[in-house]
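The sequence and the structure are shown first, and the account follows.

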Amino acid sequence: MYQLINLPFKESQLEPAISAETIALHHGKHLATYVNNLNNLLPGSDFENMTLEEIVAKASGAIFNNAGQILNHNLYFEQLQAPSTGNMPEGRIAEAINEQFGSFAEFKEKFTAAAVSLFGSGWAWLASDNDGKLHITQEANAGNPVTKGLKPLLTIDVWEHAYYVDYRNRRPAYVDAIWQLLNWQVIDTRYK
Ligand code: MN
C-alpha cells in the first residue's frame with residue numbers, strides 16, 4: 001500500500017509564495033486522492049510489487065495516471081522549503097547548470113518558458129540522462145521524464161490546482177515564486 005508522504009515543511013511555511021490553504025488542498029486532498037486511487041487499482045494488477053518509477057515506466061491508463069501523479073507530487077513537495085531571496089543552486093548540479101546553460105539566469109529563463117508555455121495541465125522538468133547531461137522537458141497530465149529514460153531532478157507542477165487559490169490565472173507569477181522555494185540540496189542529491 002502506498003502512503004501519503006509527510007511534507008518536509010509546515011503547511012504555512014511556504015507563505016507568502018504558496019498559501020497554507022493551497023498546500024492543505026494540494027497535499028491533503030489532491031495527492032491523497034491519487035494515493036487512495038492507486039491503492040484501489042493495484043490489487044490483482046501486474047503492477048502490485050513494483051516501485052512507483054517502474055509502474056510509471058510501464059503502465060498506462062488509470063494506473064499510470066495515479067502512480068505518475070504520486071511520483072510527481074512526491075518529487076515536487078520534497079524539493080520545497082521556506083522562501084529565501086537570492087536562492088541559488090549549489091553543488092554539482094550548480095556546475096552542470098552553468099556548463100550546459102551558460103548561467104543559472106539562462107537556465108531559469110528556459111525552464112520558466114517551459115513551465116509557462118505548457119498547454120493545459122502538466123509538469124515542467126529538469127532531468128538527467130545516463131551521461132549526466134541535463135534536459136528540460138514538458139510533460140502533459142501525469143507525465144514524468146522516467147518514461148523517456150531520464151532521471152527527474154526538479155519539477156514545477158503547472159496544474160491549476162497548484163496555483164489557482166493564490167494566483168488565479170496568473171501562472172507566470174506562481175512559476176516566478178517557486179524559484180525562492182527550491183531546496184537545491186535535495187535537487188543536487190537527486191543528480192548524484
Ligand atoms: Mn498537483
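Predicted model: local features only at pLDDT ≥ 70, side-chain atom pairs only at ≥ 80, totals over all residues.

Asn183 is placed in the loop between H7 and H8.

Beyond its neighbours within four places in sequence, Asn183 is in contact with Gln79 and Gln81. Asn183 and Asn87 are separated by 96 residues in sequence, yet their C-alpha atoms are 8.6 Å apart in space.

Glu90 is found in the loop between H3 and H4. Its relative accessibility is 38%, so Glu90 counts as partly exposed. Setting aside residues up to four places away in sequence, Glu90 touches Trp184, Gln185 and Asp188.

A second pair gives another view of separation along the chain and in space. Between Glu90 and Asn36 there are 54 residues of sequence separation and 36 Å of space, taken from C-alpha to C-alpha.

## Helix H3

Helix H3 covers residues 61–78. H3 is mostly covered, with 14 of its 18 residues buried.

Helix H5 comprises the 14 residues 104–117. From its first C-alpha to its last it reaches 20 Å, close to the 20 Å expected at 1.5 Å a residue. The buried residues in H5 are Phe104, Phe107, Phe111, Ala114 and Ala115. These residues lie on the same side of H5, because they cover an arc of only 95 degrees around the axis. An α-helix has 3.6 residues a turn, so residues three or four places apart point the same way.

The other side of H5 carries the exposed residues Ala105, Glu109 and Ser117. What do the buried residues of H5 pack against? Their partners include three strands, namely S1 (122–128), S2 (134–140) and S3 (151–157). The helices H4 (91–101), H7 (171–178) and H8 (184–191) are also packed against these buried residues.

## Helix H4 and its two partners

Two packed helices are described by the angle between their axes and the distance between the axes. For H4 and H5, the packing angle is about 80 degrees and the axes are 8 Å apart. H4 is therefore roughly perpendicular to H5. On the H4 side the contact is made by Ile97, Asn98 and Phe101, and on the H5 side by Phe104, Glu106, Phe107 and Lys110. By class, the contact of H4 with H5 has four nonpolar residues, one polar residue and two charged residues.

How do the axes of H4 and H8 lie, and at what angle do they cross? They come within 7 Å and cross at roughly 80 degrees. H4 contributes Gly91, Arg92, Ile93, Ala96 and Ile97 to the contact, while H8 contributes Trp184, Ile187, Asp188 and Tyr191. The residues of the contact of H4 with H8 divide into six nonpolar, one polar and two charged.

## Ser128 in strand S1

Ser128 lies in strand S1. Is this residue buried or exposed? Ser128 is buried, with a relative accessible area of 6%. Apart from its neighbours within four places in sequence, Ser128 is in contact with Lys133, Leu134, Leu150, Lys151, Leu153 and Tyr191.

## Backbone details

Asn141 has a positive phi of about 55 degrees although it is not a glycine. Asn141 occurs in the loop between S2 and S3, and it is partly exposed, with a relative accessible area of 44%. Arg168, also not a glycine, has a positive phi of about 50 degrees. Arg168 occurs in the loop between helix H6 (164–167) and H7. Its relative accessible area is 53%, and Arg168 is therefore exposed.

The peptide bond from Glu15 to Pro16 is cis, its omega being near 0 degrees. Pro16 is found in the segment before helix H1 (20–41).

Key:
Residues numbered from 1 in each chain as written. Heavy atoms only, no water. Helix = DSSP H or I, 4+ residues; strand = E, 2+ residues; numbered from the N terminus. Expected span 1.5 Å × (residues − 1). Buried < 20%, exposed > 50% of the residue type's maximum accessible area, 1.4 Å probe, protein only. Arc of directions from axis to C-beta. Contact = heavy atoms within 4.5 Å. Axes fitted to C-alpha atoms, helices over the stretch in contact; angles between N-to-C directions. Parallel < 35°, antiparallel > 145°, perpendicular 65-115°, else oblique. Nonpolar A, V, L, I, M, F, W, Y, C, P; charged D, E, K, R; others polar.
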